[in-house]
Amino acid sequence: QVQLVESGGGLVQAGGSLRLSCAASGRTFSSFSMGWFRQAPGKESELVGWISKSGARTYHADSVKGRFTISRDNAKNTVDLQMNSLKPEDTAVYYCAATSTVIMSTQRNGYEYWGQGTQVTVSS
């Protein structure tokens, strides 16, 4: 079993920055690829970032590319999402998720473990 806990969400003005963090416990962190999803009311769940087990490979959705950066620190068992140039449309609950596979998936069912989510609200 893997436990994931997100933190760092909050209220920020458009154009501002926020850094989300996900702390993992229960298994060897480096055994998992990690993803960040977001869910906004009336919208489909969206994978915004993915990072391989070693951190050597990353994926960012077109909607956030150039603004968001996913990273991980396997020594600290954490994965972060640095969010810059935030827009009101970035408002959502953000979730971290873990998968033991090496194949990047944009779908929720590709991930085995999930955090509880953290709210990000961007005001205009």
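How many bridges join β3 to strand β8? In this predicted model, six bridges connect β3 with strand β8 (residues 78–83), and the two run antiparallel. Within this pairing, Ala-23 has Thr-78 of β8 as its bridge partner. Strand β3 also pairs with strand β1 (residues 3–7), again antiparallel, through five bridges. Here Gln-3 has Ser-25 in β3 as its bridge partner.

Side chains in a regular strand alternate between the two faces of the sheet. Strand β3 (residues 18–25) has a covered face made up of Leu-18, Leu-20, Cys-22 and Ala-24. Its uncovered face carries Arg-19, Ser-21, Ala-23 and Ser-25.

The model contains one disulfide. The angle about the S-S bond is 55°, and the link is right-handed. Cys-22 has a relative accessibility of 1% and therefore counts as buried. Cys-96 is likewise buried, at a relative accessible area of 0%.

Five salt bridges were counted. Side chains of opposite charge can pair when their charged atoms come close. Arg-19 is partly exposed, with a relative accessible area of 45%, whereas Asp-80 counts as buried at 12% relative accessibility.

Asp-90 takes part in two further salt bridges, one with Arg-38 and one with Arg-67. The N to O distance between Asp-90 and Arg-38 is 2.9 Å. Asp-90 lies in the loop between β8 and β9 and Arg-38 in strand β4 (residues 33–39), so this pair ties together parts that are 52 residues apart in sequence. Both Asp-90 and Arg-38 are buried. For Arg-67 and Asp-90, the N to O distance is 2.7 Å. Because Arg-67 lies in the loop between β6 (58–60) and β7 (68–73) and Asp-90 in the loop between β8 and β9, the pair ties together parts 23 residues apart in sequence. Arg-67 is buried, as is Asp-90. Through shared partners, salt bridges join Arg-38, Glu-46, Arg-67 and Asp-90 into one network.

Technical notes
Residues numbered from 1 in each chain as written. Predicted model: local features only at pLDDT ≥ 70, side-chain atom pairs only at ≥ 80, totals over all residues. Heavy atoms only, no water. Buried < 20%, exposed > 50% of the residue type's maximum accessible area, 1.4 Å probe, protein only. Helix = DSSP H or I, 4+ residues; strand = E, 2+ residues; numbered from the N terminus. Pairing = 2+ DSSP bridges. Disulfide = S-S within 2.5 Å. Salt bridge = Lys/Arg side-chain N within 4 Å of Asp/Glu carboxyl O.
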